[in-house]
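Student: I have a new model open and would like to learn how to read it. Could you walk me through it?

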Amino acid sequence: MKFFDAKKFDFDNINGISKCQLDQHYTLYTRYVDAMNKVSIEMNDNNLYKNCNPNFSNLRNTQIALTYNLDSIKLHELYFENMTGLNNDINGKIQMVINNTFGSYENFIDKFKCIGLSMRGWVILCYDYFSNDYYIYGQDSHNTEISMNTYPLIVMDVYEHAYMIDFGIDKAKYIDAFFKNLDFKVINNRFNV
Ligand SMILES: [Fe+2]
């Protein structure tokens with residue numbers, strides 16, 4: 001299994017979320033990268049597969065840590081990438097998809113925000129290859145409550161670590177700030193895969 005390096009992100013154009021908040025969040029992300037690299041070391045060791053036990057085993061712990069840390073890396077990178085503070089006017093394919101699926105951007109924001117206030121980890125607008133449809137998923141953890149064979153388009157972190165420094169327990173205010181920093185150029189490029 002491969003090893004990962006933490007990516008760099010430019011927070012200079014983000015408004016309404018402080019550098020301190022973003023820097024703390026970024027540091028947390030790098031710790032998931034470190035943890036995932038430890039998982040990779042474990043998975044590359046054939047001895048890991050000599051003790052197979054559903055009640056207690058290093059293999060079981062590693063399997064659980066694999067999706068937890070790998071999904072955390074993916075989600076944090078998608079989140080930081082789509083929250084640049086630039087290109088905030090909705091346009092292009094994402095506008096068409098949102099209007100067709102949710103009626104209007106305002107209606108989409110209302111639903112996305114309500115799901116964010118209802119969940120403890122992530123909110124993600126995804127394209128589902130199975131049904132050829134779009135869903136907003138809410139996750140309580142990095143590796144739960146999401147369907148297979150789906151592609152992420154808009155990703156928002158709603159863990160308390162994403163907003164508590166700036167907003168205390170006012171998660172709604174944080175979500176409003178997140179939407180004002182969404183980069184629709186980045187999001188539209190996600191259709192080109
Ligand atoms: Fe986070």
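Tutor: Let us start with Leu-117, which lies in helix α4. Helices (H or I, at least four residues) and strands (E, at least two) are DSSP runs, numbered from the N terminus. Residues are numbered from 1 along each chain as its sequence is written. This is a predicted model: local features need pLDDT of at least 70, side-chain atom pairs count only at pLDDT 80 or more, and totals for chains, interfaces and linings use all residues.

Student: Is Leu-117 buried, exposed or partly exposed?

Tutor: The general idea is to count neighbours: a residue is buried if 20 or more other C-beta atoms lie within 10 Å of its own, exposed if 12 or fewer, and partly exposed in between, with C-beta atoms placed from the backbone. Leu-117 has 13 other C-beta atoms within 10 Å, so Leu-117 is partly exposed. For the chain, 24% of the 193 residues count as buried.

Student: Which residues is Leu-117 in contact with, leaving aside its neighbours within four places in sequence?

Tutor: Two residues are in contact if their C-beta atoms, placed from the backbone, lie within 7 Å. By that test, Leu-117 touches Lys-171 and Ala-172, once neighbours within four places in sequence are left aside. Asn-91 is 26 residues from Leu-117 along the chain, and their C-alpha atoms are separated by 26 Å.

Student: What is the order of the strands in the sheet?

Tutor: Two strands pair if DSSP finds at least two bridges between them. Here three strands form an open sheet in the order β2-β1-β3, with antiparallel pairing. The edge strands, each pairing on one side only, are β2 (133-139) and β3 (150-157). Strand β1 (residues 122-128) is joined to β2 by seven bridges, and Ile-124 stands opposite Tyr-137 in β2.

Student: Which strands does helix α4 touch?

Tutor: Helix α4 (residues 105-118) packs on the sheet and touches β1, β2 and β3. For directions, axes are lines fitted to C-alpha atoms, for helices over the stretch in contact, and angles run from 0 to 180 degrees between N-to-C directions. The direction of α4 makes about 25° with that of β2.

Student: How many helices and strands are there in the chain?

Tutor: The chain has seven helices and three strands, and along the sequence they follow the pattern α-α-α-α-β-β-β-α-α-α. The C-alpha atoms fill a box of roughly 55 × 40 × 30 Å, taken along the principal axes.
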